[in-house]
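My notes follow the order in which I checked things.

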Amino acid sequence: MKGIMQTSAGSIAEWQTADRPDPGPTVPDPGLAVCVRGLAKHYVHPWTLRVTRGLEALDLDVRRGEVMGLLGPNGAGKSTTLKLLTGLLKPTHGQAWLMGEPAESTASRRSLGFLPEQPYFYDYLNGLEYLELAAQLSGMQAGTARERARHWLGRVGLGERPRLGLRKYSKGMLQRLGLAAALVHDPELLILDEPMSGLDPFGRRDVRELITEQRERGVTVLFSSHILPDVEMLCDRVAIMIGGRLTRVATVGELVEDGAQAVEIRCAPGALLELPKHWVGLVSRTQRADESVFRLEDEAQLADVLGWLLQAGVQVRAVTPQRPTLETLFLAAAEAERERRSA
Ligand SMILES: Nc1ncnc2c1ncn2[C@@H]1O[C@H](COP(=O)(O)OP(=O)(O)O)[C@@H](O)[C@H]1O
Ligand SMILES: [Mg+2]
């Protein structure tokens, strides 16, 4: 203990806190729903001691009310990140906060709904019992838990057979039940690991609707996926992970604007003109029964190509800018990262 004889304010504060337990690092911004600083996870094999770097130096902010997609190929570190956030794994380095609370604290899980990549279900229970259990585990009284369980079972389309045993559930039904369990206590933050995996197009649409509905209620959603159209449709921002590292955080619009703008020119059939040699690689042609389609990889050539077609008397029907898809951009980002690593 020190400083009692000193009079400066700083010293007294120092003395007053000297014997208290270390409160740990403070959250950089308590207004964020998810705040991650320098988070890393190295898995060590118990026998060979081989180290796998599942996640490296992740810094990530998710704002309240935002829908953020974690996008990455298999092994990118998405599940590792989400398990670290939900306290299922301990980080090798770094720190994370959920709703201003340290991710390792139980307080951080009070307003959290989580769907793991492979949820575990007690298959001797039925759907209603399972949701009631989930509701009670989150601290609800029995009566309210039953009422919420009924509501959510119906909401995810499983309400017609509430007593059906979970062993008789299909993969898609289990995925819906897992989602209902994540939502049964009205969380403020929803973390979902591959929520659309194993679902048919109807199931995927239902999950998209549920996420949209939660967003409208002001819930923050962080979900991982490698299904690009779903990410494109739902997310305010996308975080791209590759090989355990975050490579980019941007809105879908920003990502798409980055790519060179391609253009398609559709013409009446029969325009069998020889393409000038200096356009090889820049302009390609597809000949179909009912039309000829010229594709320009970069819109910079548009005026030249159009002038050339009109001069040759070709009937131009439509000129359409081709927005690069998230898929092309994602594959390009993955390729660039692979090249960076092998350099
Ligand atoms: N329990 C574990 N033990 C050892 N390595 C693991 C473990 N879990 C994940 N990994 C490794 O960490 C990396 C990231 O995995 P993961 O987070 O599951 O990726 P994703 O969810 O993006 O597919 C992969 O190389 C994976 O093999
Ligand atoms: Mg995963």
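How are helix 3 and helix 4 oriented to each other? I find helix 3 and helix 4 oblique to each other, where angles under 35 degrees count as roughly parallel, over 145 as roughly antiparallel, 65 to 115 as roughly perpendicular and the rest as oblique.

The model is predicted, with local features needing pLDDT of at least 70, side-chain atom pairs counting only at pLDDT 80 or more, and totals for chains, interfaces and linings using all residues. Residues are numbered from 1 along each chain as its sequence is written, chains are lettered from A and ligands numbered from 1 in the order in which they are written.

Entry on helix 3 and helix 4. I read an angle of about 130° between helix 3 (residues 127-137) and helix 4 (residues 142-155), with the axes 8 Å apart. Their crossing is right-handed. I listed the residues in contact (C-beta atoms, placed from the backbone, within 7 Å): helix 3 gives Gly127, Leu128, Leu131, Glu132, Ala135 and Gln136, and helix 4 gives residues including Arg146, Arg148, Arg150 and Trp152. By class I noted 8 nonpolar, 2 polar and 4 charged (Ala, Val, Leu, Ile, Met, Phe, Trp, Tyr, Cys and Pro count as nonpolar, Asp, Glu, Lys and Arg as charged, the others, Gly among them, as polar).

Entry on helix 3 and helix 5. Helix 5 covers residues 171-183 and packs on helix 3 at about 30°, with axes 9 Å apart; the two are therefore roughly parallel. This crossing is right-handed. I see Gly127, Tyr130, Leu131 and Ala134 of helix 3 meeting Leu177, Ala180 and Ala181 of helix 5. These divide into 6 nonpolar, 1 polar and no charged.

Note on methods. Axes fitted to C-alpha atoms, helices over the stretch in contact; angles between N-to-C directions. Helix = DSSP H or I, 4+ residues; strand = E, 2+ residues; numbered from the N terminus. Left-handed = near helix turned anticlockwise from the far one by under 90°. Contact = placed C-beta atoms within 7 Å.
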